[in-house]
Amino acid sequence: QVQLVESGGGSVQAGGSLRLSCAVFGYPASTNCMAWFRQAPGKEREGVAGIDSGGTTTYADSVKGRFTISKDNAKNTLYLQMNSLTPEDTAMYYCAAFGNWRRCRDFRTDAGGYWGQGTQVTVSS
C-alpha cells in the first residue's frame with residue numbers, strides 16, 4: 001500500500017524558514033514526478049514545486065527563488081525548503097507522486113496520483 005506522509009509544518013514569523021518532508025512508504029513503481037502543492041482557505045489547490053525522475057525542478061512563480069525542492073531517492077523522501085516566508089505562503093501543503101512526468105510541469109491536480117494528508121504552514125506578520 002502506497003502512503004505519503006508529510007511533516008515539518010508549523011508556525012513561523014514572516015521572513016522565517018521551514019523545511020517540509022514527505023516520506024513515501026511502499027514507493028510506487030514508475031514514479032516519474034514528485035511535487036508539492038498547497039491550498040489556502042477559500043482558494044484552489046495550486047502547484048508549488050515539482051521534481052521529475054531526472055532531477056529537473058519546476059517552481060511556481062510565486063515561490064521561485066525562495067523555495068527549493070529536493071529528494072533523497074535512497075530514503076524515498078521528498079523535501080521542500082522554504083525560505084523568506086510571507087503570510088501569503090500560509091496554506092496546507094501536500095505532497096504528491098505521479099507516474100506521469102508532465103505533472104511536474106503542468107501541476108494538474110485532477111489527474112490522479114498519490115497524495116499525502118497535508119501539513120499546515122502558518123506564517124504570521
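Two strands are taken to pair if DSSP finds at least two bridges between them, the strands themselves being DSSP runs (E, at least two residues) numbered from the N terminus. The structure described here is a predicted model, in which local features need pLDDT of at least 70 and side-chain atom pairs count only at pLDDT 80 or more, whereas totals for chains, interfaces and linings use all residues. Residues are numbered from 1 along each chain as its sequence is written, and side-chain values use heavy atoms, with hydrogens and water left out.

Under this criterion, Thr68 stands opposite Gln81 in S8, and Ile69 stands opposite Leu80 in that strand. These positions belong to the pairing of S7 with strand S8 (residues 77–82), which is antiparallel and extends over 6 bridges. S7 and S8 form a hairpin with 4 residues between them, and Asn76 in the turn has a positive phi of about 50°. Asn73 is also placed in the loop between S7 and S8, and its relative accessible area of 53% means that Asn73 is exposed (over 50%, with a 1.4 Å probe and protein chains only; buried means under 20%, and partly exposed lies in between). The C-alpha atom of Asn73 is separated by 21 Å from that of Gln117, a residue 44 places away along the chain.

In soluble globular proteins, nonpolar side chains tend to be buried together. A nonpolar core is defined here as a set of buried Ala, Val, Leu, Ile, Met, Phe, Trp, Tyr and Cys residues joined through side-chain atoms within 4.5 Å. The largest such core has 27 residues, and those with the most contacts inside it are Trp36, Leu80, Met82 and Tyr93. Two or more residues are given to this core by each of strand S3 (18–25), strand S4 (33–39), strand S5 (46–52), S7, S8, strand S9 (91–98) and strand S11 (119–124). Leaving aside residues up to four places away in sequence, Met82 touches Gly16, Ser17, Leu18, Leu20, Arg66, Phe67, Tyr93 and Val121, contact being defined as heavy atoms within 4.5 Å. A second, separate core of 7 residues includes Cys33, Ala35, Phe37 and Cys104.

A search of the whole structure finds 4 aromatic pairs, for which rings of Phe, Tyr and Trp (its six-membered ring) must have centres within 6.5 Å, with planes under 30 degrees apart counted as stacked, over 60 as edge-to-face and the rest as tilted. The rings of Phe37 and Phe98 have their centres 6.1 Å apart and their planes at 70°, so this pair is edge-to-face. Since Phe37 lies in strand S4 and Phe98 in strand S9, the pair ties together parts that are 61 residues apart in sequence. Phe37 counts as buried at 0% relative accessibility, and Phe98 counts as buried at 3%. Phe98 also forms an edge-to-face pair with Trp115, at 5.8 Å centre to centre and 90° between the planes. This second pair links distant parts of the chain, with Phe98 in strand S9 and Trp115 in strand S10 (residues 114–115), 17 residues apart. Trp115 is partly exposed, with a relative accessible area of 24%. Phe37, Phe98, Phe107 and Trp115 form one aromatic cluster.
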